Amino acid sequence: MLSKKSEQFLNSVRMELMKRGKKDEDIEAVTDELRDHLTQAEKRGKSVESITGGSPDAYIDSISKEMPFDHSFIKTMIGALFAILAFFTIPRLVAGQFEMSVERLIFYGLLIVILLPLEFWLLMTMLKKYGHTRQGYFAPLLIAFLGFAVILAGEFYLRANEGASIINLDRHMSLWLGLILLLLFIGFCAMHKAWFYIGVMVYLVLPDLIARILTDQPAGSKEFVNISSSIFLMLSVVALVGAMAFYSRFKKNSH
């Protein structure tokens, strides 16, 4: 059983190598070998510094330089970018309220170019710093909440200040185009076993899709909003219970 400091160092190595785009199998091989070294060192009464030479950051740099860059990391990031664009677009199409202004295009561009990379950097930095601690488990929730707050604030701002639409589809065309893109998205993700993206998309689309099936009212009507909000709330409760169950199981298996 490694000490808390050694476990923290292993986690820092893993997070930093992931951030630098190294292959998963290479990361696991390096951390497994490092774990063996740390275990033997602790048995001999030595510290982490005896392995790292007194500078953990320099040690990680030296390891990283010897490992090849994982080019699939670039494909993963590009796939994530297209998934995010789909998350912004398909739910609005299915709801039948697809309108696009210059202001909204700029807002979405800022989210993709600035907010998402910033959130990724913050997440990796906090996980590297705190690892398997209470702060480490809390970090993703905090970062996700802050990102959601920024997006929500932007949506409220756009509703009050958005200019004329440059793209405007009628309700039926918007719905059918949204359903076609939804099926293509799910099919593509299933081919690449990206089940998380499918789950997120279903979570975002299902409330408005059910509301569209149950009422002919426009997306901004009270009836549509009530149905959509109720379904969204139920899905949120299910997601929360599932996340708590997963965390409980993970915590149990880690002891």
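Let's start with the parts list: the chain has 10 helices and 2 strands. Keep in mind that what you are looking at is a predicted model. If you walk from the N terminus, the elements come in the order α-α-α-α-α-β-α-α-β-α-α-α.

How much of the chain is buried? Of its 255 residues, 31% are buried. The chain exposes about 16300 Å², and carbon and sulfur atoms supply 68% of that area. Now look at who touches whom: among contacts with a separation of 6 or more, 73% are between residues 24 or more positions apart.

**Inside the fold**

Here is a bit of background: nonpolar side chains in soluble globular proteins tend to be buried together. In this model, the largest nonpolar core has 14 residues, and Ile90, Val94, Phe185, Met201 and Val205 touch the most other members. Which elements give two or more residues to this core? They are helix 5 (72–95), helix 8 (171–191) and helix 9 (195–214). Helix 5 provides the largest share, with 5 residues.

Zoom in on Val205 for a moment. Leaving out residues up to four places away in sequence, Val205 touches Ile90, Pro91, Val94 and Leu182. Apart from this core lies another one, made of 10 residues, including Met100, Phe107, Leu111 and Leu115.

**Rings that pair up**

To describe a pair of aromatic rings, you give the distance of the centres and the angle of the planes. The structure holds 6 aromatic pairs, and here are two of them:

| Pair | Centre to centre | Angle between planes | Type |
|---|---|---|---|
| Phe107 and Tyr108 | 5.9 Å | 40° | tilted |
| Tyr203 and Phe232 | 5.1 Å | 45° | tilted |

You've already met Phe185, which is among the core residues that touch the most other members.

How values were computed
Residues numbered from 1 in each chain as written. Predicted model: local features only at pLDDT ≥ 70, side-chain atom pairs only at ≥ 80, totals over all residues. Heavy atoms only, no water. Core = buried A, V, L, I, M, F, W, Y, C linked by side-chain atoms within 4.5 Å. Buried < 20%, exposed > 50% of the residue type's maximum accessible area, 1.4 Å probe, protein only. Helix = DSSP H or I, 4+ residues; strand = E, 2+ residues; numbered from the N terminus. Contact = heavy atoms within 4.5 Å. Areas by Shrake-Rupley, 256 points an atom, 1.4 Å probe, with all protein chains shown as cover. Phe/Tyr/Trp six-rings, centres within 6.5 Å; stacked < 30°, edge-to-face > 60°.
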